[in-house]
Structures are given as C-alpha cells and as structure tokens.
Amino acid sequence: MSIAEAQAAELAVEQPSGLLKDALVRLRRNPGAILGMVLIGAFVLLAIFAPLVAPYGPAERVGGLATNPPGPTSEFWFGLDDQGRDLFSRIVYGARLSLLIGVVSVAVGLTFGMSLGALAGYFGGRIDTVVMRSMDIMLAFPGFLLAIGLVTVLGRGLGQIMIAVGITNVPVFARLLRGTILGQRESDYILAARSVGTPGPRILFRHLLPNSVAPVIVQATLACATAIIDVAGLSFLGLGPSDPGLPEWGRILADNAGRLNQSIHLVIFPGFAIVLSVLGLNLIGDGLREAIDPKLRS
Amino acid sequence: MTLLEIADLQVSFSTRRQTVYAVNGISYDVEPGETLGIVGESGCGKSVSSLAILGILARNGRVTGGSARFEGRDLLEMPDSQLRRIRGRDMAMVFQDPMTSLNPVLTVGRQLTEVLRRHLDVDRKAARSEAQALLERVGIPNAGDRLSDYPHQFSGGMRQRVMIAMAIACKPKVLIADEPTTALDVTIQAQILELLRDLVRSEDMALVLITHDLGVVAGICDRTHVMYAGRFVETAPTDELFAQPRHPYTFGLLRSVPRLDAGRAQRLEPITGAPRDLTERPTGCAFAPRCAYATQASWDELPILRPVEGSGPSGGAGRRAHLVACHNPVPQADLTAAGIGRGRQGNA
C-alpha cells in the first residue's frame with residue numbers, strides 16, 4: 001500500500017463519506033459555529049414550541065393600557081407593553097415570524113438567483129450578458145432601498161415583504177453561482193464527463209451544480225440573517241407587515257422607540273432577540289465558509 | 001473499412017483579437033489492435049486534434065476543414081445527439097491529469113455506473129457489479145469497497161486507473177489516451193502503459209497515444225507521427241523512426257533526450273528557439289526558424305509528407321511507410337555522428 005493510499009485509508013476510517021460529511025466534521029470543531037448553532041437551535045425550539053413556552057398569547061391583554069408600562073417582574077419576565085401584552089410571549093411568538101421571514105425570503109432569492117446564475121454561467125454568451133447586466137442594474141441600488149421600493153410597489157402584506165427582501169438577494173446569489181460555474185465549466189472532470197457522452201442538462205445538474213453550490217450555501221446562511229435585519233428595518237421604518245397584532249421584532253422595536261426613556265425593556269428585549277438570531281446565523285455562515293472552502297481550493 | 005480515419009483535419013480557435021491555427025491538416029488512420037503514437041511538444045495541437053474528433057472542443061474552437069470518419073461515418077458532420085452515443089461507447093478518452101479529471105463530489109462507483117447506464121441497457125445492480133469488474137480489470141485492489149470511495153481517497157496512479165476504467169467501460173473500439181502517464185511517477189507510468197498495452201491486446205482495441213515522451217512511444221506504439229505546429233512532420237513505424245529519423249525536428253527530439261549510455265560530460269542538444277506562434281499561417285516550413293538544415297526553399301514552400309527515399313524496405317508504401325515533410329532531410333552521416341542508427345532504439 002502506498003503512502004497516499006494509507007492516508008486515504010486513514011481518511012476513510014475517520015470520515016466515511018464525502019465532502020459534506022467532511023465539512024460537518026470541520027464545522028463541529030469550530031467553537032463559533034457551535035455557539036451559532038446553539039443560538040439558532042434555541043430560536044428554532046422557541047418557534048416550534050411557542051405555545052408551550054409562552055405563558056400568554058401574542059395578542060393577549062394581561063394588563064391594562066399604560067403609557068409607561070411596567071418592566072420585568074417575576075410574573076412578566078420581559079415586562080408588559082403599552083397595550084398590556086406580555087412582552088416575553090410576544091418575543092417567543094416573534095421567533096416564528098423571524099425564522100419564517102429568513103427562510104422564505106432566502107428561498108425566494110435562491111430560487112431565482114440560482115436559476116439565473118446557472119443559466120448565465122452554463123450557457124454564457126448573450127444569455128450571460130443579458131442576465132448579468134440586469135443583475136448589475138439591481139445591484140446598483142442599495143439592497144435596503146430596493147426592498148423599500150419593492151414593498152411600496154408590492155404592498156405591505158407579510159408575504160409581499162418576504163418576496164421583496166428575497167428579490168434583493170437574487171443578484172447576489174446569481175453572481176455567486178455564475179462565478180463558480182464559470183470556474184468549474186472548463187475543468188477537466190467536465191471535459192471527461194463530456195468525453196463519455198454525458199448530455200448537457202445532466203452535466204449542469206449532476207456535475208456543475210453540486211460542485212458550485214458550496215459558496216452559495218454559505219451566502220444563503222448569511223443572507224438569512226440579513227433578511228431578518230431587513231424586515232426588522234422595514235418594520236422600524238413603518239413599512240413592516242400592516243397587521244399591528246403581528247409580534248414582529250422590528251415592529252415591537254419601532255412601536256416603542258419613543259418610550260426609550262421610560263420603559264427601556266420594550267426596546268432592549270426585542271433588540272437582543274434580533275441581535276442574537278442574526279449573530280447565530282452569521283456565526284454558522286462563517287463556520288460553514290471555513291469548513292467548506294479548504295475543500296474547494298484543494 | 002478503416003476503423004478511424006482522419007483526413008486533413010483543421011482546427012482553429014478564435015478569440016476577440018486573433019485566430020490561433022492549432023491543427024493545420026493532419027491525416028492518420030487506425031485499425032483495431034493497433035497502437036498509434038502522436039508525439040510533439042506542448043501546444044503543437046496534439047490534444048486539440050483528439051478533442052475535435054470527439055466533438056468536445058472548447059467553445060471558441062472550431063473544426064475548419066477535413067473529416068474524421070469512424071467506421072465510415074463522419075464524426076464532424078454528425079449531430080451532437082448521435083455523437084454523444086459514440087462518445088464513451090465506441091470511442092473514449094483518457095486525460096492527462098487524473099487528479100482533476102474525476103468529479104470530486106461523486107463516488108467513483110457513481111461515475112462509473114453513470115457511463116455504463118448511459119450507453120448500455122443495464123439496471124443499477126448490473127451496472128454496479130460491472131463497475132466492480134472494471135476496477136478489478138484495471139488493477140484496483142478491494143474493488144468492491146472502493147466503489148463507494150470518493151476520488152480524493154485515491155492516489156494519482158489509482159485515479160488514472162479509474163479514469164481508464166471509465167474510458168473502457170463500454171469496450172470502446174478506439175481509445176484516445178492524452179498524455180496518460182505525464183502526471184504520474186515513473187514506476188506508476190510503466191504500470192499504466194502495461195495496462196493500456198494489455199487492453200489493446202485483449203480487447204483488440206485501437207489506441208491513439210498522445211504524448212511528448214519518446215520513451216512512452218518507443219515502449220508501446222506500432223506507428224508514430226511526429227507533430228509540429230499543427231502538422232505531422234514525420235510518420236513512420238516506431239522502430240524505423242528511432243533508427244532513421246529524417247526530419248530535423250525528430251532528430252532534435254531524439255538528441256535532446258538524456259541517454260544512459262552517453263558519457264556524463266556529453267552535453268544534451270536542445271532544440272533552440274521557441275515553438276511557432278500559431279496565430280499566423282506560415283508560408284514555408286514551420287520549423288525553419290529553429291532548423292539547422294533550413295534553406296531558402298524551407299522558407300518559401302510548405303513541405304508536404306513524402307516517402308523517404310532510399311531508406312530500405314521501409315521506404316515502401318502501406319502501413320510500413322516512412323514519410324517526412326522536409327526539403328532537406330537529415331543526412332545519414334549526421335545520424336551516425338549523433339550516435340543514432342539502425343539497431344539502436346531510443347529506449348529513453
């Protein structure tokens with residue numbers, strides 16, 4: 001057995017299957033990524049079990065109306081808001097919304113971005129020019145401004161807002177995927193695949209895409225965090241979901257910004273929720289990047 | 001009917017600013033069980049010609065003339081869907097760099113079965129056992145277990161074996177091997193060449209071996225074509241070529257290879273100058289600027305392949321023909337002086 005084979009055998013014992021598993025193994029060794037996964041795991045659990053965790057409903061009035069609602073007590077952990085609703089319960093239910101926003105808007109961005117990027121990268125030529133120039137035009141607007149514009153056009157439903165934020169991600173994903181596909185397109189294994197008669201679509205889906213999605217996955221995680229911030233920001237600017245009962249974190253923050261002096265808990269707790277969820281996603285994204293990239297370079 | 005018959009193949013690449021004439025009319029044919037060598041330095045068009053035959057040139061590459069007949073059908077005229085059925089089933093290719101020629105995210109077994117299932121009417125299970133048989137055929141130990149391994153778990157020599165297994169999966173009639181041993185250690189090189197030679201013998205396959213290594217050619221090729229600047233400059237049975245090189249370029253190649261039996265003080269004779277710029281078509285002999293034998297005629301008139309005069313029985317026609325494209329072939333006296341001659345073969 002040669003040294004290389006011995007090393008390969010060693011590798012094989014350590015990590016039986018494939019690149020994804022390798023990446024996961026490396027991810028587990030990254031303390032930042034672990035913290036991120038713990039944070040996001042906690043938010044996911046909160047979202048799933050919200051009715052069990054939250055003592056009250058998100059719109060349930062447990063206290064009276066108040067200009068300066070009381071802060072945290074042993075009964076109301078995060079205090080009450082001006083409508084007399086339990087802030088802890090609202091934030092727990094808000095986790096559902098934020099995760100939904102992150103996932104749906106990234107899904108929208110990925111669907112369109114990856115299709116366009118794959119088309120442009122694989123076919124090249126005129127298709128590439130048309131697709132990428134339109135992406136450039138979209139990128140010329142600051143993402144957040146673009147989202148504001150889209151919300152104005154599409155309307156202020158939660159669905160429309162998620163779509164708008166998702167669309168701002170389209171050019172980012174499209175560019176990224178096109179770039180990696182361009183890099184892979186002329187590689188030897190693609191030539192080898194063609195030399196054994198593999199047809200075009202199969203080359204794209206089976207050979208090019210799996211070798212090109214790694215950076216897109218990283219970007220998607222990070223984009224998820226940005227989407228949460230963007231929607232919070234839109235809410236803060238008054239362009240959030242039009243339903244006032246929705247316990248959207250950004251909206252809670254915006255509604256209570258004027259009470260910063262008297263009832264700071266109304267700003268601090270939703271703020272922390274946003275920060276922690278975004279931080280968690282970013283830590284995972286960075287960890288993924290480190291876990292996946294070395295394999296890409298080798 | 002000839003198995004593979006290439007006639008006057010011409011390939012060029014166009015970029016925005018210029019056109020590169022990579023292959024300028026090469027012709028050869030191969031019969032079953034025959035091993036053909038194409039030798040030349042980097043960039044002389046040897047790989048490009050085979051990519052063109054298989055229809056897998058880069059996007060900006062174009063076949064501008066000639067024909068490539070496989071069992072009488074012109075591959076260059078064929079629609080891509082038909083050509084795809086021939087690629088991998090009747091004609092296959094082994095590439096130079098085994099480290100990058102396998103898809104890193106698919107297991108070796110998946111890549112092998114994909115070829116089998118594409119071209120042969122077999123189910124998943126049959127394809128898998130066939131894939132295992134193929135890996136065993138190319139000498140990979142524990143073939144059954146290794147099917148589920150990824151390319152990065154194989155060494156370079158083993159990966160090249162996998163590439164060969166993929167190429168011979170459907171028992172192709174023609175195998176084109178493009179520098180199959182260049183990226184490998186010398187000891188592994190010998191094993192891979194032995195494997196190829198064995199395949200040619202047992203499957204009656206035709207092998208077109210593209211290389212810059214004269215030692216490789218000497219080892220396994222029946223007939224050798226020497227390529228320079230997109231043309232064949234000399235073509236002969238391999239033993240004849242090594243014993244009686246007539247083109248100054250072939251002569252130069254042979255003299256630039258280190259030899260074990262030469263004295264240590266003896267200097268190597270490099271070919272001076274650089275390969276031709278392929279962006280313009282030469283009027284005369286492409287090798288003239290680097291050639292010690294060049295005369296005015298070399299610059300003015302493009303030499304064509306002609307039978308070598310007075311080189312004994314091998315000067316004849318047919319498969320033993322010795323052709324050279326040169327106005328001033330290297331004289332016998334110079335061959336003798338350089339220690340190249342009949343009975344001495346360049347086993348580099």
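Predicted model: local features only at pLDDT ≥ 70, side-chain atom pairs only at ≥ 80, totals over all residues.
Residues are numbered from 1 along each chain as its sequence is written, and chains are lettered from A in the order in which they are written.

Start with chain A. It has 13 helices and zero strands. Helices are DSSP runs of H or I with at least four residues, strands are E runs of at least two, and both are numbered from the N terminus. The C-alpha trace of chain A spans about 75 × 50 × 30 Å along its principal axes. Take the contacts in chain A between residues at least 6 apart in sequence: 70% of them join residues at least 24 apart. A contact here means C-beta atoms, placed from the backbone, within 7 Å.

Now turn to where chain A meets chain B. Chain A brings 25 residues to this contact, and chain B brings 29. On the chain A side, the elements giving two or more residues are α1 (3-14), α2 (18-28), α9 (188-195) and α10 (200-212). Helix α9(A) gives the most, with seven residues. By class, the chain A side has twelve nonpolar, nine polar and four charged residues. Nonpolar covers Ala, Val, Leu, Ile, Met, Phe, Trp, Tyr, Cys and Pro; charged covers Asp, Glu, Lys and Arg; the others, Gly among them, are polar.

Chain B is assigned domain 1 (4-221) and domain 2 (225-337); such bounds come from an automatic or database domain assignment. Their centres, taken over C-alpha atoms, are separated by 28 Å. Domain 1 of chain B puts 23 residues into the contact and domain 2 of chain B puts in 17. On the domain 1 side, β2 (19-30), β3 (35-39) and α8 (214-220) of chain B each give two or more residues. Strand β2(B) gives the most, with nine.

The largest nonpolar core has 175 residues, and Ala165(B) and Leu175(B) touch the most other members. Such a core is a set of buried Ala, Val, Leu, Ile, Met, Phe, Trp, Tyr and Cys residues joined through C-beta atoms within 7 Å. Its largest share, 16 residues, comes from helix α5 (residues 87-123) of chain A. Both domains of chain B give residues to this core, so it lies between them.

Note on methods: Contact = placed C-beta atoms within 7 Å. Buried ≥ 20, exposed ≤ 12 C-beta atoms within 10 Å, placed from the backbone.
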